[in-house]
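Student: I am new to this structure. Can we go through it together, part by part?

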Amino acid sequence: MNGSTEVFTSISRSTTMSTETGLWRVQRPVFEPRLSPCRSACPAGNHIAESLKLVKDGEFQKAWEVFLETSPFPFTCGDVCPHPCESSCNRGKFDEAISIRSVERFLGEEAIKNNWFPQRIAEDKDEKVAIIGSGPAGLSCAYQLGRRGYQVTIFEALPVIGGMLQVGIQDYRLPRDFLGREIGNNILLPFAVNVRTNYLVTQEVFEKIKQEFQAVFIATGAQEARALNMAGVNLGGVFHGVSFLRDKALGKLPPDLFAGQKVLVIGGGGVAVDAGRSALRLGAKEVRLVCLESQEEIPAYEQDIKDAVNEGIGIDCSWGPEEFIGDGRGRVNEVHFARCTSVFDAKGRFSPSFDRSVKKSYQVDAVIIAIGQASDLSFLDGRVKRTPEERVKVNDALATDVPGVFAGGDVVTQPATVIEAVAAGYKAALSIDNYLGGKPLTLKEELGQVVEFEELNLGYFEHKTRQSQINDPTSAIEEAKRCFSCGYCNLCGNCWLFCPDAAVRRGNEHYEFNYDYCKGCGICVEECPTKSIILKKERDVKESITDR
Ligand code: FAD
């Protein structure tokens, strides 16, 4: 350098933008919504995280519309669904799960109060579809077909619509005015859905329906109470779970039916709990539930049991009925039980065993037997295949062996849940749409991989107390803000902030990558708190850089 002090500086005559550093890339980040655990656990696949993103911004109607894609029952499910989505919520492993059920109920209530209606998604069509049964499966199918423009007729044996929502689940758990308005506003008023109540479908009617309609959905549920095969079950004062609840809901029982009486309920499921709580409301002075299952095995939902116990109902586990004794005047007044030592066999099948040397007796005025439900399939008279358990046999697309006849809900599965019935109605509607459109029935939906808790970038989340009761917009927004948005971009901007190549820009609705400059370093993937960005190998991406 010979002591020279000259410094050389390179000067570019254009911007460095001309050097497309993206050409070096062998992998690229892509925004790809992944499956949130809440959606994965919801039988109907409700887009919960997407809805909560809108709740966060106070966009309640849009958030409600997101639920309406998969279910017409946000209010109802907000009230009675066991919400498997909450048990699988990733936030539950951080502090407490999001109150999804409560937010959903809030949105459903807002919709009813503000008279929001769902939108039609296709033009009117000429094809007519018959739905037998107006429970949640039938109504969900009617809703999905109605919004796709089909002419739908529901045939319902009872004078009321709603199936077990109306005559099983009692009004103290699901207010009837709101249920009626949710069915009216979301299903009956906006679409071409006719309802024929007091219309029992018999073998003859079923044949006529098949001639008149291009497709049929059987959603007749499980209306029969399973019987106990034992001496004394026909004595006066002995009732059967679902028929007792149906009669109560239809106002057929006197309000003082059990005034001052001791009522024993046999069974440990949801129907038994509802029967016991209903007995209290019909004046019983003492109600006791006796079931085969142990405390740990009792099948009713934990919350329902807590509610029953809080109302003063006693529960005795691990007892099986042996004999009903009459009072000599044709009424039951005593029931004998034996100790149940196990309910299931080694393979998990129902096969109770007893120690008959250990006995217990109850003095009673009335007994309600609630040990299960069955379906009456006599109207099908062998025309549609059944399973050995006397349920309608269907394939994955819910199609029976008779072309154009589909089935779903409790008549196919077994007594299950409202949301499972809603899911079946949705699936059947998609299959019927395919069938009538001449497309293959098989439904294939790629839902992607579930976002696991361990994948989330937890450094970006703060601990916050769960709002258990959502009664107003503020608490709904606060609770929605707790959502991790697993698998969905929540517009936090981390990808933009951390990108060393300034290759992330803000688009209209979300962030976008400028692949001319993205070198595929993966920092954005690392920093994304919700794991909605994935890295894809260039060779696996259709629109590779060489195609541009
Ligand atoms: P259903 O709701 O049973 O509806 C079937 C309809 O078909 C009925 O209206 C019936 O009258 C009609 N029908 C039957 N045969 C004919 C015919 N031949 N012609 C015309 N119509 C016919 N689930 C939950 O998620 N949460 C709960 O808290 C809960 N509590 C429950 C409490 C009780 C007491 C009961 C019985 C069930 C409860 N369930 C609960 C389960 C849930 O209600 C059912 O899984 C769901 O209603 C099944 O829906 P579905 O449409 O298949 O049948």
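Tutor: Start with a definition: two strands pair if DSSP finds at least two bridges between them. Helices (H or I, at least four residues) and strands (E, at least two) are DSSP runs, numbered from the N terminus. This is a predicted model, where local features need pLDDT of at least 70, side-chain atom pairs count only at pLDDT 80 or more, and totals for chains, interfaces and linings use all residues. Residues are numbered from 1 along each chain as its sequence is written, and side-chain values use heavy atoms, with hydrogens and water left out.

Student: In what order do the 5 strands of the open sheet with β14 stand?

Tutor: The pairing in this sheet is parallel. Its edge strands, β7 (238-240) and β10 (314-316), each pair on one side only. The order is β7-β14-β8-β9-β10.

Student: Which residue in β10 is the bridge partner of L289?

Tutor: Strand β9 covers residues 286-290 and runs parallel to β10, joined by 3 bridges. The partner of L289 in β10 is I315.

Student: What angle does the direction of helix α12 make with that of β9?

Tutor: Helix α12 (residues 270-281) packs on the sheet and touches β8 (262-266), β9 and β14 (366-369). Contact means heavy atoms within 4.5 Å. Axes are lines fitted to C-alpha atoms, for helices over the stretch in contact, and angles run from 0 to 180 degrees between N-to-C directions. For α12 and β9 the angle is about 170 degrees.

Student: Why is one side of β4 and of β16 left without a neighbour in the sheet?

Tutor: Here 5 strands form an open parallel sheet, in the order β4-β3-β2-β5-β16. β4 (193-196) and β16 (405-407) stand at its edges, so one side of each lacks a neighbour there: each has a single partner strand.

Student: How many bridges pair β2 with β3?

Tutor: β2 holds residues 128-132 and β3 holds residues 151-155. K128 has Q151 as its bridge partner in β3. The two strands pair in the parallel sense, and the number of bridges is 5.

Student: At what angle do the axes of α7 and α9 cross?

Tutor: α7 lies across β2, β3, β4 and β5 (215-218). Its axis comes within 9 Å of that of helix α9 (residues 176-188). L139, A142 and Y143 of α7 meet I183, N186 and I187 of α9. The crossing angle is roughly 35 degrees.

Student: Which residues come nearest to the ligand?

Tutor: A residue is near a molecule if one of its heavy atoms lies within 4 Å of it. There are 36 residues around the ligand. The nearest are V80, E156, R173, Q223 and D410.

Student: How much of the ligand's exposed area does the protein bury?

Tutor: Look at a polar contact, a pair of N or O atoms within 3.5 Å. A ligand oxygen atom is 2.9 Å from a polar backbone atom of D410, and a ligand oxygen atom is 3.3 Å from one of A416. Taken alone, the ligand exposes 1,000 Å² (Shrake-Rupley method, 1.4 Å probe). The protein buries 95% of that.

Definitions and conventions: A polar contact is a pair of N or O atoms within 3.5 Å; within protein, one must be able to donate a hydrogen and the other to accept it, and residues adjacent in sequence count only if both atoms are side-chain atoms.
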